[in-house]
Amino acid sequence: MIATTPATQNIAEQSPVTTTPTKTRWFVIGAVLLFAAGFGAVAQFSSPLQTGVTSSAAALTIITASAVGIERAIEAFWTYIGLTRGSWWPLGPVREQLDGLLTGLDASFEPFYLEAHTTLQKVQQAQQWGQEKLDAATRDLDEIKKHVDQLRKLPIDSQRVKLIADSASRSVEYFSKKYPEIQESANLANFGIQGITKFVETFKDNPGRRLISLFAGAIAGMVISGIVGLDIFQAVLQTADASPANGFLPHVGIAITGLLMGLGANPTHEAIRLLQEIKNTRKAENAA
């Protein structure tokens, strides 16, 4: 029977943390307002490129290259954040909850360390170990503690934490099989490690990053399309009035192009393919 402590109960009762609702709400409101203002400004005040076969080909090249560039820039940004702040940023409460789990883990490991050291001393005396064998067993124990300490030093990354936790669990299991006298304390330590692992596994994805990436990509795409005057409708259909609207927000096609670019390479390519199909259909109808 494994004894439970407040620390281990705390580990078992932890639940996934989501972004703070108030902060998320204000971020979405601010991002939507910024997006709407940018979309309207681009659609109203931007100037499209001159149409024609050459400029249309150049516009499509710039559109696809910009979509890929925005996608890669966002990936590079999150890679940097992952190496410095951890893969769960901006889920701030996750850092605090993981710290609580690690504190509970330390509490569950403390009796394991104490009992292991005491057991090693007793086994040495009973079996007349040499100093070399005792040092080897002590190194095994120190290696387990090293794995646990690494959980605190690494950036918050689900894969890294899980790898170290799994390694620590295997080390504890090996040590407890080698020295059955500490089995109960080893089970308690493994219970703490399992709490860490289960917590990490609840974060397969980071919705906060997806939300930030969506708005940041859209804004960046509209800035590029507005400055250059990229209109995917005119570039593919090759007509001066190909944009979805004229008069009010006369250049909405440029704003939509920026939005597509911000969504990434795949949506942009799909939009180009769809417009090319529409163009071919129109040609077939006119020929008939």
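**Note on the helices and cores of a predicted model**

1. Helix α10 has twelve residues, and its first and last C-alpha atoms lie 17 Å apart, close to the 16 Å expected at 1.5 Å a residue. The expected span is 1.5 Å times one less than the number of residues. Helices here are DSSP runs (H or I, at least four residues), numbered from the N terminus.

2. The model is a predicted one, in which local features need pLDDT of at least 70 and side-chain atom pairs count only at pLDDT 80 or more, while totals for chains, interfaces and linings use all residues. Residues are numbered from 1 along each chain as its sequence is written, and side-chain values use heavy atoms, with hydrogens and water left out.

3. Is α10 enclosed or open? Nine of its twelve residues are buried, so α10 is largely enclosed by the rest of the structure. Buried means under 20% relative accessible area, exposed means over 50%, and partly exposed lies in between (1.4 Å probe, protein chains only). Among the buried residues of α10 are Val252, Ile254, Leu260 and Met261. Leu263, also in α10, is partly exposed, because its relative accessible area is 39%. Leu263 and Val68 are 195 residues apart in sequence, yet their C-alpha atoms are 9.7 Å apart in space. Just after α10, Gly264 has a positive phi of about 120°.

4. How do α10 and α11 meet? The axes of α10 (residues 252-263) and α11 (residues 265-287) come within 5 Å and cross at roughly 135°. Axes are lines fitted to C-alpha atoms, for helices over the stretch in contact, and angles run from 0 to 180 degrees between N-to-C directions. The two helices, α10 and α11, are therefore oblique to each other. Angles under 35 degrees count as roughly parallel, over 145 as roughly antiparallel, 65 to 115 as roughly perpendicular, and the rest as oblique.

5. On the α10 side of this pairing are Leu260, Met261 and Leu263; on the α11 side are Pro267, Thr268 and Ala271. Contact means heavy atoms within 4.5 Å. The residues of this contact divide into five nonpolar, one polar and no charged. Here Ala, Val, Leu, Ile, Met, Phe, Trp, Tyr, Cys and Pro count as nonpolar, Asp, Glu, Lys and Arg as charged, and the others, Gly among them, as polar.

6. Lys279 is a residue of α11. Lys279 counts as buried because its relative accessibility is 19%. Leaving aside residues up to four places away in sequence, Lys279 touches Val236, Leu237 and Gln238.

7. The largest nonpolar core has 21 residues, and Phe109, Phe112, Val172 and Phe175 have the most contacts inside it. Such a core is a set of buried Ala, Val, Leu, Ile, Met, Phe, Trp, Tyr and Cys residues joined through side-chain atoms within 4.5 Å. At least two residues of this core come from each of α4 (92-127), α5 (131-153), α6 (158-178) and α7 (183-201). Another core, of 18 residues, lies apart from it and includes Ile63, Trp78, Leu260 and Ala271.

8. Asn190 belongs to α7. Its relative accessibility is 13%, so Asn190 counts as buried. Not counting residues up to four places away in sequence, Asn190 touches Ser169, Val172 and Glu173.

9. Helix α8 (residues 207-228) has 22 residues, which should span 32 Å at 1.5 Å a residue; its end C-alpha atoms are 32 Å apart, which agrees. The buried residues of α8 include Arg209, Phe215 and Met222. Gly229 follows α8 and has a positive phi, near 85°.
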